[in-house]
Amino acid sequence: MLELKGIRKSMGGQEVLRGVNLRVGPAERVVVIGRSGCGKSVMLRVIMGLLQPEAGEVFFEGKKLTGLSEEEWNPYRRKIGMLFQGAALFDSLSVFENLAFPLREQGEKSEGVLRQKVAEALKIVSLSGTEEKMPAELSGGMKKRAALARAIICRPDIMLYDEPTTGLDPIVADSINRLILHLGKMFGMASIVVTHDMVSARMVGDRISYLHEGKIYFEGTPEQVDRCEDPLVRDFVRGHAEGIGITG
Amino acid sequence: MGSVLKLVSHVGAVFTDSCRTAGAVFMLLGDTLRSMVQYRLRWDQIFEQMYFIGIRSQVVVLTTGAFTGAVFAAQVWFQFKRFGMESAIGPTVSIAMCRELGPVLCCLLLAGRVGAAMAAELSSMKITEQVDALRALGVYPTEYLIVPRFLALVISAPILTGLALVTGIGCGYFVAVKIFGVDGAYYWDNTIKFTDSKDVVIALIKSFIFAVIISAIACHKGMNCPPGTAGVGKTTTEAVVNASLTLLIVNFFLTILLNALLYSN
Ligand SMILES: Nc1ncnc2c1ncn2[C@@H]1O[C@H](COP(=O)(O)OP(=O)(O)OP(=O)(O)O)[C@@H](O)[C@H]1O
Ligand SMILES: [Mg+2]
């Protein structure tokens, strides 16, 4: 469904991705974990075509996307949904207009249909009744959920989540995890979930990939990750800080 | 010797830098024109921008026009009355307003007001990933963000300049006739007689081209904003300064060119 082959990308003179290989099958949920600043967001941006890699290829449904021009990308981008780490709601538009935006772009004109679809999407992320609010009036977690609703409103074939549960209270975080599972099961939506949250990773992941020094360092099912004796992976999963020299 | 070399290399660097930026601005302009033809125009967005630019800038533009006309009429009166040339005040004011003062001052104010707003808005969208979110939703940013702003300014600027001209010439009349006691009928007759429709055409052409310059530079700056909030402030200031300077320099060449084209025989 989606495949990355040998992706290399430098940011600000430093090579962040050094040959990332990743495969996501149909309806598969892959969790990508890794230390802060290791390039997870950059990887998602490369998949979305927002950044051009220096080397390597992105394949989507058998079609090579790398090398396409900005405008040739657009039809594919509509099949790939992305939740940005910082939500990235359009702050000059109300929540309703934000959610209606992708639908309008895909040609939906009927105001009634838009109202109904937006209300449905907001209900899924438990934000019912916030249609007329402006993004600036929402809390960080609410913004994130509104952005999630906007990303899934067109039912993309694959969703890229950049830290969907960061900054949410445990109850909402749990409901987001359930939502990711639900979307996968109901609509056969594949997903890549970038997270630091191991609870979330174990819950939603069919497979967990550990991104380290620009490469996928370890890959396995949640059980394999838990049993993994590699010190780097073990420290991350259990939240130890030994590797970085701040041990007490 | 060393310092001369340093100076030369500095000037060289500034020059190549300016050329590169100018190239990028032209590319953006080309892309904007292409997107304008290729995609359906978003009239709601264009009207929204025109409201902001056109309606909300009126007070600024009218005030500029009025006081420029008034002060210019006063200065001309001080000088011309010494030679008994009061009859020439009217046309002098109206021709100066049309050819230079109206379009240049009006568009300098638009660069400050509208250019700054464009650069600030686009750059804050850029740093908060909203431009990327737009791309991720399959929308081409040039088409959605730049085309409406460009069209709105290019349509509004000549209209606003026209308004500034009318108020400027009107206020010039008021100052000369009502305050300094120049003969009103005579003043007006001469103004009409010596002001050519070509003078108005010059005003409109100039303001049109200045609007293209302002929107292209402001949008280019905004879309290339460096990350961070400091970037937004810097981008906005640079957009206004660059647009204003470019406008003044282009004005000189435009004056020569239009003179050659319109008055060639
Ligand atoms: N626009 C940019 N310019 C320069 N460097 C960048 C830019 N964006 C990211 N980087 C660098 O790329 C590296 C990876 O960044 P990225 O945002 O992908 O990290 P991340 O894994 O998502 O971290 P986090 O978990 O904190 O979100 C970082 O070292 C960062 O400094
Ligand atoms: Mg990140």
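Residues are numbered from 1 along each chain as its sequence is written, and chains are lettered from A in the order in which they are written. Because the model is predicted, local features need pLDDT of at least 70 and side-chain atom pairs count only at pLDDT 80 or more, while totals for chains, interfaces and linings use all residues; side-chain values use heavy atoms, without hydrogens and water.

**Exercise 1.** Work out the strand order of the open sheet in chain A, and find which helix packs on it.

*Solution.* Start with the elements: helices (H or I, at least four residues) and strands (E, at least two) are DSSP runs, numbered from the N terminus. Two strands pair if DSSP finds at least two bridges between them. The 4 strands then run β2-β1-β4-β5, with antiparallel pairing. Next, look for strands that pair on one side only: these edges are β2 (14-24) and β5 (63-64) of chain A. Now take β1 (residues 2-11) of chain A, which joins β2(A) through 8 bridges; A:M11 has A:Q14 as its bridge partner in β2(A). Finally, helix α1 (residues 40-47) of chain A packs on the sheet, touching β1, β2 and β4 (55-60) of chain A. Contact means heavy atoms within 4.5 Å.

**Exercise 2.** Decide how α4 (residues 89-127) and α7 (residues 184-194) of chain B cross.

*Solution.* Axes are lines fitted to C-alpha atoms, for helices over the stretch in contact, and angles run from 0 to 180 degrees between N-to-C directions. Here the two axes come within 7 Å and cross at roughly 45 degrees. That makes α4(B) oblique to α7(B), since angles under 35 degrees count as roughly parallel, over 145 as roughly antiparallel, 65 to 115 as roughly perpendicular and the rest as oblique. Then pick out the residues: among those that meet are B:I89 and B:P91 in α4(B), and B:Y187 and B:F194 in α7(B).

**Exercise 3.** Is helix α3 (residues 95-105) of chain A largely enclosed or open, and what covers its buried residues?

*Solution.* Buried means under 20% relative accessible area, exposed over 50%, partly exposed in between (1.4 Å probe, protein chains only). By that rule, 9 of the 11 residues are buried, so α3(A) is largely enclosed by the rest of the structure. The buried residues include A:F96, A:L99 and A:E105. Their cover includes α4 (111-124) and α5 (140-152) of chain A, together with α5 (130-136) and α6 (141-179) of chain B. Last, step past the helix: α3(A) is followed by A:G107, whose phi is positive, near 100 degrees.
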